[in-house]
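Subject: Model for your files

Hello,

Here is the model I said I would pass on. My notes follow below it.

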Amino acid sequence: MLLLGGLLSAKANDLPEVGSYCIWKNTEFEYFCDTCGCGGNGGSMGFGTGLNNNFVGLRYIGQKYRSRDGIFDNSPWINENFNTVQAWGKFPVGKRVLINALLPYHFHNRTFADNTEQTITGVGDATVLAYYNVLRQTPDSIISIKPEHVFQIGVGVKLPTGSFDAANIEGSVNPSFQLGTGSWDYILAANYGVTHRNWGLSALLNYTIKTENSKNYLFGNQWNVAVNTYKTFYVSPSVSLTPQFGLGAEFFEENREFNLTVPDTRGDVYFARFGLETNYNRYALGISSMIPISQNLNEGKVEVKNRVSLYLNINI
Amino acid sequence: MASAFIIKYQKMKFIYKILAITLVLTVFVSCSSDDDTATELTGENSVTIEFDNSVGSDDLLLATSSYTNSQNETLTITRLNYIVSNFRLTNDQGETFTYEKDDSYFVTSEETGNTEVVLENIPAGTYVSITFGVGVDQEKYLQGAEGQGDFLTVAEETNMMWSWQAGYKFLNFEGTFTSETVTETTDFKVHMGSHGSSLDNYKEVTLSLGTDALVSDEMSPIVHLVADANAILDGAHKLSLSEQSVIMVSEEKSPLVALNTASMFTVDHVHNGSEHSH
């Protein structure tokens, strides 16, 4: 089923968000969605963007999956569209702590072989993540000619604000067709970034520990790994373009129900990611796309086709 | 004095910090560990057994698709009915619950879409395996026509009887085929049964469920079985339709069909819970 929702996570990435005069300083990080299908699990929670920027923004994430409606090789494929609009932001607390917060709103749909359509709409799982800057930052206004490193570690929690419908885990279709996991989930995260002149490279690793929800369903824990590179080009002093390219991977452990393993729910997927962010003064407009390179989700019964994301952030 | 107080105060602040971190970690760890307080299963509920017919790893589609078996014969299946009976469930303690015998005879039929067997009032428990028969056992048959209850009517209506004297057809498998030597599309019929009481082709099957099936007042599991129709002629025993396209009362071939049929079942998965959409 799955795979679960986790997959989508990737989409969550975002491009570096940029301050008007310290563009190259931002590494972007994304924080992904959890579980395959993300739909299932609260959608991609991207928390990323420039490590040192504070912003509020809106992001749209569209993900396309197809999953097998049945257990046989000739069972029909059904297409699933996961759509998410999320409000998100990053705020400093003190000198070294950053709080990321994200609230998604999902509108997912899928059409079965008999042409009946199923739609689920509503608030997804809210996520709050606190990062600690392990390395001291040089002030933004000082333009350094040496490579600058950023390293952050974080912990977070995903709240069960999205509804979980047990009916959607029955049958053989993607169990991640959900607004939320229905569980309190915990996130451990680490981000690393290095910037030098107009170039940047960022890497992130995070692990989501999921807990059993009230329907006795437990989505498998999930790893997200990603590396992104980017370069910023200045069109004018107030306008810049930052194309980026990256690779990401997501790994899902098996789901459990009533503490019994649910077969065919583990999975892995590898993505290539392309993005472009445009910055104008305090505004950042970005688009990115993730294309799967290799995947094995739910024993091949779920396939992720692509993810796109579009966002507008305002630095604060 | 004041400075000592400040130092003490800072120390305490430090201790509070440590305490706070410890508390957060504790919550984190305790929330993420599985709470395995295995809740006691009580009461009773139904267990549904779905017989999902396939041909190899493809869903069986009657009359609309054909497939070629290992004997190079190409079959189009138009009927697949069989009798399943004498259900028993074994729990994780090794105890076996036997379903009431008089209620334990069912016909599953691909053409009517009636492929689910619902066993009612199964006592709560964690079930790990299922046993059932394919066909009707001699004990039941020897109870005579009046001993069969409603099942006699069910069997007649689903083409699962020859006549009372000849007995039940345990399996009614029909369609058309072609092969290297039979190039014209030709009907095949495989009707397997016990042939009165002279030849006993009743067989029992025991399957491990893979995932435990949990039964309680709140939980009614579905055991999703796959029955691979290809095994009937192309299982451990190879039966060529080119050689014999109608297999009915055959002392030589019927027992092989019975063995093949009993081996066609596998457990695909078990759904636990109460909210089933399928």
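Predicted model: local features only at pLDDT ≥ 70, side-chain atom pairs only at ≥ 80, totals over all residues.

Which residues of H5(B) are buried? They are Ser254(B), Leu256(B), Val257(B), Ala258(B), Asn260(B), Thr261(B) and Ala262(B).

Chain B overall

Chain B contains 5 helices and 15 strands. Of its 278 residues, 35% are buried. If one takes the contacts in chain B between residues at least 6 apart in sequence, 77% of them join residues at least 24 apart.

The UniProt record, an unreviewed entry, places the annotation "domain: Copper-binding protein MbnP-like" on residues 45–248 of chain B. In the model, that span is 51% strand and 7% helix, and its end C-alpha atoms are 39 Å apart.

The nonpolar core

The largest nonpolar core comprises 58 residues, and Ile83(B) and Ala229(B) are the ones with the most contacts inside it. Strand S4 of chain B (residues 74–91) gives the most to this core, namely 8 residues. Leaving aside residues up to four places away in sequence, Ala229(B) touches Asn53(B), Ser54(B), Val55(B), Leu60(B), Ile77(B), Leu80(B), Phe173(B) and Met264(B).

Strand S15 of chain A

In chain A I looked at strand S15, residues 267–280. Its covered face is made up of Gly267(A), Val269(A), Phe271(A), Arg273(A), Gly275(A), Glu277(A) and Asn279(A). The uncovered face holds Asp268(A), Tyr270(A), Ala272(A), Phe274(A), Leu276(A), Thr278(A) and Tyr280(A).

S15(A) pairs with two other strands. Strand S12 of chain A (residues 239–252) runs antiparallel to S15(A) and is joined to it by 14 bridges. Strand S16 of chain A (residues 283–297) is also antiparallel to S15(A), again over 14 bridges. Asp268(A) can be followed across both pairings: it is the bridge partner of Phe251(A), and it stands opposite Asn296(A) in S16(A).

S15(A) and S16(A) form a hairpin with 2 residues between the strands. Within that hairpin, Asn281(A) takes a positive phi near 45°.

Regards

Methods
Residues numbered from 1 in each chain as written. Chains lettered and ligands numbered in written order. Helix = DSSP H or I, 4+ residues; strand = E, 2+ residues; numbered from the N terminus. Buried ≥ 20, exposed ≤ 12 C-beta atoms within 10 Å, placed from the backbone. Contact = placed C-beta atoms within 7 Å. Pairing = 2+ DSSP bridges. UniProt positions renumbered as here; feature names shortened; annotations may be inferred. Core = buried A, V, L, I, M, F, W, Y, C linked by C-beta atoms within 7 Å.
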